[in-house]
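I opened the notebook to look up salt bridges, helix packing and the nonpolar core. The entries follow in the order I made them.

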Amino acid sequence: MILSIKQENVLTVREQQILYHIARGLSNRGIAARLALSEQTVKVHLANMTAKAHCDNRAALVAYGFETGVLRGR
């Protein structure tokens with residue numbers, strides 16, 4: 001499947017970092033602690049990411065990450 005990604009749908013570096021931690025199974029609280037952010041800031045990034053990627057949940061975001069190459073398998 002080939003995805004056409006518009007520029008406004010590209011995740012920022014911080015969003016990519018958060019997506020990496022989501023894929024590793026961390027909670028919002030865990031991500032906040034790892035990245036020295038507030039839990040609310042992580043929630044805002046998560047909302048922005050789901051809107052950009054047209055995803056409904058964290059699992060769909062992780063799938064989006066692999067499909068777009070933001071996340072890579074080992």
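**Salt bridges**

I began with Arg-29, which is exposed, with a relative accessible area of 60%. I use buried for under 20% relative accessible area, exposed for over 50% and partly exposed for in between, with a 1.4 Å probe and protein chains only. The model is predicted: local features need pLDDT of at least 70, side-chain atom pairs count only at pLDDT 80 or more, and totals for chains, interfaces and linings use all residues. Residues are numbered from 1 along each chain as its sequence is written, and side-chain values use heavy atoms, with hydrogens and water left out.

I searched the whole structure for salt bridges (a side-chain nitrogen of Lys or Arg within 4 Å of a carboxyl oxygen of Asp or Glu). The search gave two.

Arg-29 pairs with Glu-39, and their closest N and O atoms are 3.6 Å apart. Helices here are DSSP runs (H or I, at least four residues), numbered from the N terminus. I noted Glu-39 as partly exposed, at a relative accessible area of 31%.

Lys-52 forms a salt bridge with Glu-15, with 2.8 Å between the closest N and O atoms. Are Lys-52 and Glu-15 buried or exposed? Both are buried.

**Helix 1**

I next took helix 1, residues 13–23, where Glu-15, Ile-18, Leu-19, His-21 and Ile-22 are buried. Viewed down the helix axis, these buried residues fall within an arc of 165°, so they line one face of helix 1. The arc is taken from the directions from the helix axis to the C-beta atoms. They pack against helix 2 (28–35), helix 3 (39–53) and helix 4 (58–68). Contact means heavy atoms within 4.5 Å. Just after helix 1, I found Gly-25 with a positive phi of about 95°.

**Nonpolar core**

I define a nonpolar core as a set of buried Ala, Val, Leu, Ile, Met, Phe, Trp, Tyr and Cys residues joined through side-chain atoms within 4.5 Å. The largest one has 17 residues, and those with the most contacts inside it are Ile-18, Leu-19, Ile-22, Ile-31, Met-49 and Leu-61. Helix 1, helix 2, helix 3 and helix 4 are the elements that give two or more residues to this core. Helix 3 supplies the largest share, four residues.
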